[in-house]
Amino acid sequence: MTQFLPPNLLALFAARDPIPYLPPAAKLPHEKKQKGYDGVGAFLSVFEHPSETPPPTRVETREERMERRRRERAEQTAYKLEQEIALWDPTTNPKATMDPFKTLFVARINYDTSESKLRREFEGYGAIKKICMIFSKDNAKPRGYAFIEYEHERDMHSAYKHADGKKIDGKRVLVDVERARTVKGWLPRRLGGGLGGTRRGGADVNIKHSGREDNERERERYRLEQRDRDERGRHDRGERPAGGAGRRRTRSRSRRRSASRSRRRERERERSARDRDDDAERKQRRRSRSRSRRRRSRDKERRDDKKQKRRDRDRDRKETKVKPEDIKIKQEPNDDYPEFNLPVMDVQIKQEPHDHENKYNPEDTNGDEDYNY
């Protein structure tokens with residue numbers, strides 16, 4: 001069929017010209033002569049002396065870099081804190097109250113609480129002279145605490161005694177005296193001072209309740225807890241308590257006592273596990289018994305209800321639906337309107353004539369004349 005195609009289409013199927021052969025410009029790798037490998041002995045004079053070799057450069061790891069940055073931030077914070085402590089002087093504040101011994105400190109205030117609301121809540125303890133609410137210097141938002149100055153010191157003592165833990169706008173406030181100008185060496189919380197146990201450490205030592213606490217008692221409790229925790233840690237590590245008066249045991253005796261103690265603990269654990277299993281089995285058995293007892297009581301109640309319904313149905317079928325004595329006939333009253341009586345009137349009632357009498361007589365009207373028609 002291809003021989004019948006036109007020449008222009010046959011040219012598309014024509015073979016290409018062969019590739020001309022050209023000799024290679026260089027020898028092939030396997031035809032080249034290799035000189036072989038030489039040692040480095042000829043270059044030893046170029047190497048430096050080992051004593052002149054610089055020490056290797058060490059790159060810090062990711063953990064070391066994070067620790068270094070944390071240490072630098074802590075140092076910067078401590079330096080800034082020292083500067084702020086050196087410059088802090090509460091007596092030079094122009095916006096402070098006049099008398100610090102008549103001033104009440106109120107913290108944990110709701111951010112939406114206004115000055116008028118605070119005045120209404122604390123005016124019940126005495127006349128208020130001034131209220132200073134603290135706002136942020138950056139965005140002018142409330143910081144959540146204020147200072148209230150009373151006219152008399154006894155009113156401030158009354159508010160200090162009774163207003164602690166009072167709920168204002170859904171939050172319980174903390175009430176305390178002003179300590180910045182009354183306590184020597186006092187520092188606020190932002191400078192590392194302050195009172196309260198809400199930021200001591202973890203959740204096991206922080207105080208979560210709202211209100212003022214007895215600080216001496218809280219410090220003593222915190223010290224006792226810390227001491228118990230340290231003693232417990234030393235006991236877990238196997239260390240002897242400081243100043244121990246017990247005599248030193250030999251190594252073999254300590255081993256025997258530790259082995260007997262471990263065996264005793266193992267027996268106690270096995271006994272407690274066995275007791276727990278027995279209690280669980282007993283509870284399960286008691287629960288199954290109570291369930292079966294309740295099920296039997298429910299089945300019995302259902303059967304009794306069915307029997308009672310069947311008896312009531314049979315009794316209704318045997319008895320007549322309506323008994324004669326149950327039928328009551330309504331007695332009509334003699335007088336439909338017993339309270340309505342007309343008085344007797346002297347009236348003559350005209351009687352109608354009977355049928356045999358003439359109802360109309362023209363003679364009675366026109367005389368006795370006879371008319372003939």
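Author: We take the sheet, then the helices on it, then the pocket.

Author: Keep in mind that this is a predicted model.

Reader: In what order do the strands of the open sheet lie?

Author: Strands are said to pair if at least two bridges link them. Here four strands form an open sheet in the order E2-E3-E1-E6, and the pairing is antiparallel. On average, neighbouring strands are turned by 25° against each other, direction ignored.

Reader: How many bridges join E1 to E3?

Author: Four bridges link these antiparallel strands.

Reader: Which strands does helix H3 touch?

Author: Helix H3, residues 115–122, packs on the sheet and touches E1, E2, E3 and E6. The direction of H3 makes about 135° with that of E2. Helix H4, residues 153–162, also packs on the sheet, touching E1, E3 and E6. Its direction makes about 140° with that of E6.

Reader: How many residues line the largest pocket, and which lie nearest its centre?

Author: A lining residue has an atom within 4 Å of a pocket point. The largest pocket has 46 of them, and Phe 105, Ile 134, Tyr 145, Phe 147 and Pro 188 lie nearest its centre. The space in this pocket is about 2000 Å³. Its lining comprises 19 nonpolar, 11 polar and 16 charged residues.

Reader: Which strands supply at least two residues of that lining?

Author: E1 (103–107), E2 (128–135), E3 (142–150) and E6 (174–177) each do.

Terms used. Residues numbered from 1 in each chain as written. Predicted model: local features only at pLDDT ≥ 70, side-chain atom pairs only at ≥ 80, totals over all residues. Heavy atoms only, no water. 1 Å grid on protein atoms, 1.4 Å probe; cavity = no way out; pocket = protein on both sides within 12 Å on 5 of 7 lines; lining within 4 Å. Points joined across faces, edges and corners; volume = space filled by probe spheres on them. Nonpolar A, V, L, I, M, F, W, Y, C, P; charged D, E, K, R; others polar. Axes fitted to C-alpha atoms, helices over the stretch in contact; angles between N-to-C directions. Contact = heavy atoms within 4.5 Å.
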